[in-house]
Amino acid sequence: MKFLIDFFPILLFFAAFKVWGVFVATGVAIVATIAQIAYLRFKVGKVEPMQWISLGVIVVFGGATLLFHDESFIKWKPTVLYWVMAAVLLGGQWFFNKNLMQKLMSAQVQLPQPVWNTVNYSWAIFFTLMGIVNIWVAYQFDLDTWVTFKMFGGLGLMLVFVLGQAMYLSRHIQHNPEDQP
């Protein structure tokens with residue numbers, strides 16, 4: 001269910017783009033993201049900070065797309081969001097000595113500190129590279145290819161990366177003696 005809620009605006013953007021084009025799709029994405037945040041706030045009771053950031057980015061870049069009738073702004077939206085996520089991960093590590101990936105995942109898995117640091121840096125690098133790839137696809141291919149990449153390519157790359165992370169983590173998981181039969 002969480003997966004569907006998280007990808008709700010992207011799915012609607014893709015569908016609206018295929019039917020009505022980029023400007024209607026952008027408006028749909030803005031409204032869908034606002035609806036997503038409202039649902040999470042009132043039904044679940046909590047909205048994650050990155051979801052608030054995502055809302056801000058879609059409103060600013062989507063709004064600029066509609067205001068200036070220029071698709072370039074919406075093409076930059078994923079890159080900005082990826083780079084903000086990378087900056088948050090690195091900023092937490094470097095300036096506040098907080099490993100945000102550890103904070104996010106430590107309830108599910110126990111790892112040695114050097115492994116947590118590797119996980120944090122690898123996600124930051126992944127997000128940075130995803131931002132670069134998004135802009136490359138946006139400006140080297142036509143709009144339809146970029147939208148398809150945004151929907152399926154980005155999701156596929158994320159899946160491959162998560163599977164790679166899972167294989168890496170499985171080698172380093174520390175088992176709690178109380179969890180053993």
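Reader: What makes Lys-18 and Asp-144 a salt bridge?

Author: In this predicted model, the closest N and O atoms of Lys-18 and Asp-144 are 2.7 Å apart. The rule asks for a side-chain nitrogen of Lys or Arg within 4 Å of a carboxyl oxygen of Asp or Glu. Therefore the pair counts as a salt bridge.

Reader: Why is the pair said to tie together parts that are apart in sequence?

Author: Lys-18 lies in helix H1 (residues 2-20) and Asp-144 in helix H7, so the bridge links parts that are 126 residues apart in sequence.

Reader: Why are Lys-18 and Asp-144 called partly exposed?

Author: Lys-18 has a relative accessible area of 42%, and Asp-144 has 36%. Buried means under 20% and exposed means over 50%, with partly exposed in between. Therefore Lys-18 is partly exposed, and Asp-144 is partly exposed as well.

Reader: How many salt bridges does the rule give?

Author: The count is three. Glu-48 and Lys-46 meet at 3.8 Å, N to O, and the cut-off is 4 Å, so this pair qualifies. Glu-71 and Lys-75 also form a salt bridge, with their closest N and O atoms 3.3 Å apart.

Reader: Which residues have the most contacts inside the largest nonpolar core?

Author: They are Val-119, Trp-123, Phe-127 and Leu-169, in a core of 23 residues. Helices H4 (72-96), H5 (100-105), H6 (113-140) and H7 (143-170) each give two or more residues to this core. The largest share, eight residues, comes from H6. Another core lies apart from it, with 22 residues, among them Ile-5, Phe-13, Val-22 and Met-151.

Reader: What is Trp-123 in contact with, leaving aside its neighbours within four places in sequence?

Author: Trp-123 is in contact with Leu-89, Met-101, Met-158, Phe-161, Val-162 and Gln-165. Contact here means heavy atoms within 4.5 Å.

Reader: Which residues make the nonpolar surface patch?

Author: The patch covers about 1100 Å² and is made by Trp-76, Trp-83, Trp-94, Phe-95, Phe-96, Tyr-121, Ile-125, Leu-129, Ile-132 and Tyr-139. H4 and H6 are the elements that give two or more residues to it.

Reader: Why is Phe-96 called exposed?

Author: Phe-96, in helix H4, has 62% relative accessibility. Exposed means over 50%, so Phe-96 counts as exposed.

Reader: Where does UniProt list a "transmembrane region"?

Author: The unreviewed UniProt entry lists residues 20-40, 52-68, 80-97, 118-139 and 151-169 under that name. In the model, residues 118-139 are 100% helix and 0% strand, with end C-alpha atoms 32 Å apart. Residues 151-169 are also 100% helix and 0% strand, and their end C-alpha atoms are 27 Å apart.

Reader: What sets the phi of His-69 apart as a value to report?

Author: Phi of His-69 is near 50°, which is positive in a residue other than glycine. His-69 lies in the loop between helix H3 (49-68) and H4. At 56% relative accessibility, against a limit of over 50%, His-69 is therefore exposed. Asn-97 likewise is not a glycine and has a positive phi, of about 55°. Asn-97 lies in the loop between H4 and H5 and is exposed, with a relative accessible area of 68%.

Reader: How many helices and strands are there in the protein?

Author: There are seven helices and zero strands. The C-alpha trace spans about 60 × 40 × 35 Å along its principal axes.

Reader: What part of the protein counts as buried?

Author: Of its 181 residues, 40% count as buried. The accessible surface comes to about 10700 Å², and 71% of that belongs to carbon and sulfur atoms.

Conventions: Residues numbered from 1 in each chain as written. Predicted model: local features only at pLDDT ≥ 70, side-chain atom pairs only at ≥ 80, totals over all residues. Heavy atoms only, no water. Core = buried A, V, L, I, M, F, W, Y, C linked by side-chain atoms within 4.5 Å. Buried < 20%, exposed > 50% of the residue type's maximum accessible area, 1.4 Å probe, protein only. Helix = DSSP H or I, 4+ residues; strand = E, 2+ residues; numbered from the N terminus. UniProt positions renumbered as here; feature names shortened; annotations may be inferred. Patch = residues over 30% accessible without salt bridge, like charges linked within 9 Å, V, L, I, M, F, W, Y side chains within 5 Å. Areas by Shrake-Rupley, 256 points an atom, 1.4 Å probe, with all protein chains shown as cover.
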